[in-house]
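Me: I have a structure to go through today. Could we work on it together, one topic at a time?

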Amino acid sequence: MGEKVEVSKTYGTTEKAGVDVQSRPTTSTGKLTLRLLMSIFAAAMGSFQFGYNTGVINAPEARIKEFMNATSIARDGQEMDVDTQTNLFAVLVAAFAIGGAVGGLLAGLWADFFGRKKGTLLNAVIGIGAAALLYFGRMAASYEMIIVGRLVVGLNCGLYTALAPIYLSEIASVNIRGALGVLHQLFVVSGILISQILGFPEILGNNAYWDVLLGLTAIPCVLQLIVMPFCPESPRYLLITKGQEHAAQAVLRSLRGIDNVDGEISEMRIEAEQAQSEAKVSVIRLFKKRSLRMPLVISIVMHLSQQLSGINAIFYYSGNLFKGAGLDESTATHATSGVGAVMVVMTLVTIPLMDRVGRRTLHLIGLGGMAVSSILMTVCLSLLDRVGWFKVASIAVSLLFVVFFALGPGSIPWLIVAELFSQGPRSAAISVSVLVNWVANFCVGYVFPQMQKGLMSYSFVPFTVLIILFWIFVFMFLPETKGRTIEEITSIWRKDGDEGDKPRSESYLVSYQKNPNSL
């Protein structure tokens, strides 16, 4: 156990001093134990919370605006004009993204300082506090409480965007790690679907119960507080961060249902050695170091291609889009559930495609399909008065838009950043990408209502232009990472030798840009 581990930096392989690599213990797979299932469920509630709060604001929009107007009359004796209602609701929507940006940036430090388990439990308490603000805001006749509640629940969900997938990946054995990685996204889109169904007028999306709809966000957090205390801390956190090897062994035995976990412990030791051997890179350093600048730009553009594609306009304002297509309010609310259903189905479909087709190809197909769909949507909306069946076509096209989003841009930006960077700069790169993602989310949430008011039927034209630009960028600069090691990917931009040495031949990068699959 105290045997020295050496790490080969040249080829990314590992071997013990005086021992052949192949003599190392094999990684254990173990059983699907009750404790592992409980841990998966507890962590996935964080993913569900994020999805629920992404979709829940759609259905009660009209009810919330009525509440704002009634509150203004009760306070000042004056009605709130339509523009003020629109602006306040846009602030309410955007507050979620602001909180998410802060939570996403804090998530790494939060997870390391409190631990994965305790950090999740503390975040669940924050989520319950946010639910209280959202529910009691109506009782207190204060729409400001609801806005603050959305800000706090955004912070809560921002933390979950890192805590949930980190914990899931660190408790999983090798044979189910990929499945659990997709499970995070599956629970996110399931949360969106459930929020849309509960938002039906005959359920909770009505004047009597819209505050209950918002307050139900406490349920995933309460379930976490009940189940998570019986779940273990992440074994990788215990060994790599805290240096508690014996505790990590005990946790692995309980999760796997077997006694021999030497293989996983050996791999964790190696990972700890690698983390110590590679210096951390600050956010400022990412922009200064030439070998990191291009992958950082790619990471930022990938996240912008997710948020500035117009998908959040579909999520947040799908009800309005459908009503604008000529549907009555009740029918429009029911139609929005199709968005969540399509996301759930397509998330399941992408599981086998991710490692067969490849990240780059799926992202290009997704962006290409979204560009065509957004053009068709503009055509349908602009000719709605002339062609009667375009009402139905506009809904079908919007769902097709979601299909192509789920195929690539929905999940690939979150995983591609980790593949473009080695251990040292990875945390800083993810922090920058998360910030960009949530800030773009905020911009769309705040600007789209005004853009829709000004451009009306042509409100998706700016998104179409951006999608086409993103497609061109991805085609020119994004390498295919499928089946490649991190060493092979990062070598594209790495300088020879130390930081002061000259970079590799520029012709190599030019050649790569012309043919990204030639590596």
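Predicted model: local features only at pLDDT ≥ 70, side-chain atom pairs only at ≥ 80, totals over all residues.

Me: Where does alanine 141 sit?

Reply: Alanine 141 belongs to the loop between α4 (116-139) and α5. Its backbone has a positive phi of about 55°, although alanine 141 is not a glycine.

Me: Let us step back. How many helices and strands does the chain have?

Reply: The protein chain has 22 helices and two strands. It consists of 519 residues, of which 52% count as buried.

Me: And what about the surface, how much of it belongs to carbon and sulfur atoms?

Reply: Carbon and sulfur atoms account for 64% of the accessible surface, which comes to about 22,200 Å² for the protein chain.

Me: Which residues form the nonpolar patch on the surface?

Reply: The nonpolar patch is formed by Leu455, Tyr458, Val461, Val465, Ile468, Leu469, Trp471, Ile472, Phe475 and Met476. Together these residues have about 860 Å² of accessible area.

Me: Which helix gives the most to that patch?

Reply: Helix α20, which covers residues 461-477, gives the most, with eight residues. Leucine 455, by contrast, is located in helix α19 (residues 423-455). With a relative accessibility of 35%, leucine 455 counts as partly exposed.

Me: New topic: charges. How many salt bridges are there?

Reply: The structure holds seven salt bridges. As background, side chains of opposite charge can pair when their charged atoms come close.

Me: What is the N to O distance between arginine 63 and glutamate 66?

Reply: The side chains of arginine 63 and glutamate 66 form a salt bridge at 3.2 Å, N to O. Because the two residues are three apart in helix α2 (residues 61-76), about one helical turn separates them.

Me: Is arginine 63 buried or exposed? And what about glutamate 66?

Reply: Arginine 63 is buried, with a relative accessible area of 13%. Glutamate 66 counts as partly exposed, at 42% relative accessibility.

Me: What does arginine 75 pair with?

Reply: Arginine 75 meets glutamate 144 in a salt bridge, at 2.8 Å from N to O. Arginine 75 lies in helix α2 and glutamate 144 in helix α5 (residues 143-171), so this pair ties together parts that are 69 residues apart in sequence. As to accessibility, arginine 75 is partly exposed at 41%, and glutamate 144 is partly exposed at 33%.

Me: Which residue forms a salt bridge with glutamate 264?

Reply: The partner of glutamate 264 is arginine 256, and their closest N and O atoms are 2.7 Å apart. Both glutamate 264 and arginine 256 are buried.

Me: Back to α5. At what angle does it pack against α1?

Reply: Helix α1 (residues 34-55) and α5 pack at an angle of about 145°, and their axes are 8 Å apart. The crossing of α1 and α5 is left-handed. Residues that make the contact include Ala43, Gly46 and Gln49 of α1, together with Val153, Asn156 and Tyr160 of α5.

Me: Let us look at valine 153. What does it touch?

Reply: Leaving aside residues up to four places away in sequence, valine 153 touches Gln49, Asn53, Phe96, Ala130 and Thr217. Valine 153 and asparagine 53 are 100 residues apart in sequence, while their C-alpha atoms are 7.8 Å apart in space. Valine 153 counts as buried because its relative accessibility is 0%.

Me: Which helix holds serine 195? And what are its neighbours?

Reply: Serine 195 lies in helix α6 (residues 177-198). Not counting residues up to four places away in sequence, serine 195 touches Tyr52, Gly55, Val56 and Leu213. Serine 195 is buried, with a relative accessible area of 1%.

Note on methods:
Residues numbered from 1 in each chain as written. Heavy atoms only, no water. Patch = residues over 30% accessible without salt bridge, like charges linked within 9 Å, V, L, I, M, F, W, Y side chains within 5 Å. Areas by Shrake-Rupley, 256 points an atom, 1.4 Å probe, with all protein chains shown as cover. Salt bridge = Lys/Arg side-chain N within 4 Å of Asp/Glu carboxyl O. Helix = DSSP H or I, 4+ residues; strand = E, 2+ residues; numbered from the N terminus. Buried < 20%, exposed > 50% of the residue type's maximum accessible area, 1.4 Å probe, protein only. Axes fitted to C-alpha atoms, helices over the stretch in contact; angles between N-to-C directions. Left-handed = near helix turned anticlockwise from the far one by under 90°. Contact = heavy atoms within 4.5 Å.
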